[in-house]
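Welcome! Have a look at the structure first, then try each task before reading on.

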Amino acid sequence: MANLFRITAKRNDKTTKVNLTKGMYVEIATTTGKPYSKNHLDKICELFENKYGTMCTKGYVSFSDFEIVKIN
C-alpha cells in the first residue's frame, strides 16, 4: 500500500539555484515509508519545478528545507 506525504517548503529560499517560497507544497506517494532517500529528494525537486514553474536544482536542497507530513 502506498503512503501519501505532503512536502511543504519551510522558508523562503531564493538563490540562483533554488527559488522556493514558504508554504509551497507538493504531494508524493511512496511504497517505502517516509520519502528520505536521495531519489525521493530529486523527485521532490522535480515536483516543485513542475507544479510551480520554479527552480529547485537537485543537490542544492536538503530534507531540512521541507516539512514532511504523512496525510493518509
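**Exercise 1.** Which residues line the largest cavity?

*Before you start.* This is a predicted model, in which local features need pLDDT of at least 70 and side-chain atom pairs count only at pLDDT 80 or more, while totals for chains, interfaces and linings use all residues. Residues are numbered from 1 along each chain as its sequence is written, and side-chain values use heavy atoms, with hydrogens and water left out.

*Solution.* 
- Step 1: Search the whole structure, which gives 1 cavity of 30 Å³ or more. A cavity here is a set of points on a 1 Å grid over the protein atoms alone where a 1.4 Å probe fits but cannot get out, and lining residues have an atom within 4 Å of a point.
- Step 2: Read off the lining, which consists of Ala 9, Lys 10, Arg 11, Asp 13, Leu 20 and Asp 65.
- Step 3: Note the space inside, about 30 Å³; the volume is the space filled by probe spheres set on the points, which are joined across faces, edges and corners.
- Step 4: Sort the lining by class: 2 residues are nonpolar, none is polar and 4 are charged. In this scheme Ala, Val, Leu, Ile, Met, Phe, Trp, Tyr, Cys and Pro are nonpolar, Asp, Glu, Lys and Arg are charged, and the others, Gly among them, are polar.

**Exercise 2.** Find where Asp 65 lies, and what it is in contact with.

*Solution.* 
- Step 1: Helices (H or I, at least four residues) and strands (E, at least two) are DSSP runs, numbered from the N terminus.
- Step 2: Asp 65 has 11% relative accessibility, so it counts as buried (under 20% relative accessible area, with exposed over 50% and partly exposed in between, using a 1.4 Å probe and protein chains only).
- Step 3: Setting aside neighbours within four places in sequence, Asp 65 is in contact (heavy atoms within 4.5 Å) with Thr 8, Ala 9, Lys 10 and Arg 11.

**Exercise 3.** Which cysteines does a disulfide join?

*Solution.* 
- Step 1: The whole structure holds 1 disulfide, meaning a pair of cysteine sulfur atoms within 2.5 Å.
- Step 2: The partners are Cys 45 and Cys 56, with an S to S distance of 2.1 Å.
- Step 3: Because Cys 45 sits in helix 1 and Cys 56 in the loop between helix 1 and strand 5, the pair ties together parts that are 11 residues apart in sequence.
- Step 4: The torsion about the S-S bond is about -65 degrees, so this disulfide is left-handed.

Note on methods:
On a 1 Å grid over the protein atoms alone, a cavity is a set of points where a 1.4 Å probe fits but cannot get out, and a pocket is an open set with protein on both sides within 12 Å along at least five of seven lines; lining residues have an atom within 4 Å of a point.
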